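Open the model in your viewer and keep a selection panel ready. Each stop below says what to pick and what is there.

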Amino acid sequence: MNIADLPNFGPKSQEMLERAGIQTVEQLRKLGAVSAYVQVKSVGNVSLNLLWALEGALTDTHWQVVAKHERLRLLLELEDVEKVGAVTENPSRMTRERYPMPDFIRDALAAKNLTAAYDARPPYQRNDYIGWITRAKLPATQQKRLAQMLDELARGDAYMKMAYRAKR
C-alpha cells in the first residue's frame with residue numbers, strides 16, 4: 001500500500017512525506033502522526049491540517065473529525081515533542097509531566113459529587129485538567145478553570161471546551 005492510498009492523503013501529501021524521508025506506510029506507522037508531522041515540518045512549511053490528516057490516516061478517521069475531537073491531545077503531544085527537540089520513534093510511549101491531584105481540586109470534585117465522572121475520564125484528560133488548573137498564575141484564574149472543569153464533568157459532553165463522548 002502506498003501512502004497516497006491512505007485516507008485523507010493524495011499525491012501531494014505523499015510527496016511531502018517523501019521529502020521528509022518517510023517513504024512507506026510502515027515508516028509512518030512507526031513514527032506516528034506527531035513525529036511524522038515534525039519531520040515533514042522540518043523540511044518545509046506545512047499547516048496543522050497535515051497533522052490532522054496524518055492522525056486520520058493512521059486511525060482511519062476523516063481529518064475534520066480528528067481536528068475537532070483530537071486537536072488538544074495532538075497539540076499537547078506536539079508541544080512535548082517540540083519542547084524535547086527530538087522526534088521519538090514511539091510517540092504513544094511519550095511521557096509528559098504527571099500532575100499530582102491538589103487537595104482543592106479533590107475537595108471540589110467531592111463537594112459536587114463529580115469524583116466518579118472525573119475518574120471515568122481517560123488518564124490524559126485527568127492529567128491535562130490538573131495541569132491546566134494548577135499552571136494558572138492567579139488564584140482567580142485557577143478558580144475559573146476549576147469551575148469550567150466541574151461544569152464539563154457535570155454535563156459530560158465536553159473536554160476543554162471541545163465536544164466529548166465517552167467510549168462505552
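Select Glu 55, Glu 70, Arg 73 and Glu 77: a network of salt bridges links them. A salt bridge here is a side-chain nitrogen of Lys or Arg within 4 Å of a carboxyl oxygen of Asp or Glu. This is a predicted model, where local features need pLDDT of at least 70, side-chain atom pairs count only at pLDDT 80 or more, and totals for chains, interfaces and linings use all residues. Residues are numbered from 1 along each chain as its sequence is written, and side-chain values use heavy atoms, with hydrogens and water left out.

**Salt bridges**

Helices (H or I, at least four residues) and strands (E, at least two) are DSSP runs, numbered from the N terminus. Is Glu 77 buried or exposed? Glu 77 is buried, at a relative accessible area of 15%. Buried means under 20% relative accessible area, exposed means over 50%, and partly exposed lies in between (1.4 Å probe, protein chains only).

How many salt bridges does the structure hold? There are seven. Side chains of opposite charge can pair when their charged atoms come close.

Pick Glu 15 and Arg 19 next. They form a salt bridge, with the closest N and O atoms 4.0 Å apart. The two residues sit four apart in helix H1, a separation of about one helical turn. Glu 15 is partly exposed at 46% relative accessibility. Arg 19 is exposed at 52%.

Now move to Arg 106 and Asp 103. This salt bridge has an N to O distance of 3.5 Å. The two residues are three apart in helix H7 (residues 103-111), again about one helical turn. Arg 106 is partly exposed, with a relative accessible area of 43%. Asp 103 is exposed at 55%.

**Helix H1**

Select H1 and look down its axis. Ser 13, Gln 14, Met 16 and Leu 17 are buried. The buried residues of H1 fall within an arc of 160°, so they line one face of the helix. That arc is taken over the directions from the helix axis to the C-beta atoms. On the other side of H1, Pro 11, Lys 12 and Arg 19 are exposed.

What covers the buried residues of H1? The cover includes H3 and H4. Then step just past the end of H1 to Gly 21, which takes a positive phi of about 90°.

**The nonpolar cores**

Show Phe 9, Ile 22, Val 40, Leu 50, Leu 51 and Leu 54. These have the most contacts inside the largest nonpolar core, which has 28 residues. A nonpolar core is a set of buried Ala, Val, Leu, Ile, Met, Phe, Trp, Tyr and Cys residues joined through side-chain atoms within 4.5 Å. Colour the contributing helices: H1 (11-19), H2 (25-31), H3 (33-41), H4 (48-59), H5 (63-69) and H6 (71-84) each supply at least two residues of this core.

Centre on Ile 22. Leaving aside neighbours within four places in sequence, Ile 22 is in contact (heavy atoms within 4.5 Å) with residues including Ile 3, Leu 17, Leu 28, Leu 31 and Val 40.

A second, separate core has 17 residues, including Tyr 129, Leu 146, Met 149 and Leu 150.

**The tyrosine cluster**

Select Tyr 124, Tyr 129 and Tyr 159: ring pairs link them into a cluster. The structure holds two aromatic pairs. Rings of Phe, Tyr and Trp (its six-membered ring) pair if their centres lie within 6.5 Å; planes under 30 degrees apart count as stacked, over 60 as edge-to-face and the rest as tilted.

Tyr 124 and Tyr 159 are edge-to-face, 5.9 Å centre to centre with 85° between the planes. Tyr 124 lies in helix H9 (residues 123-134) and Tyr 159 in strand S1 (residues 158-159), so this pair ties together parts that are 35 residues apart in sequence. Tyr 124 is partly exposed at 27%, whereas Tyr 159 is buried at 4%.

Tyr 129 and Tyr 159 are also edge-to-face: 5.4 Å between centres, 85° between planes. Tyr 129 lies in H9 and Tyr 159 in S1, so the pair ties together parts 30 residues apart in sequence. Tyr 129 is buried, at 0% relative accessibility.
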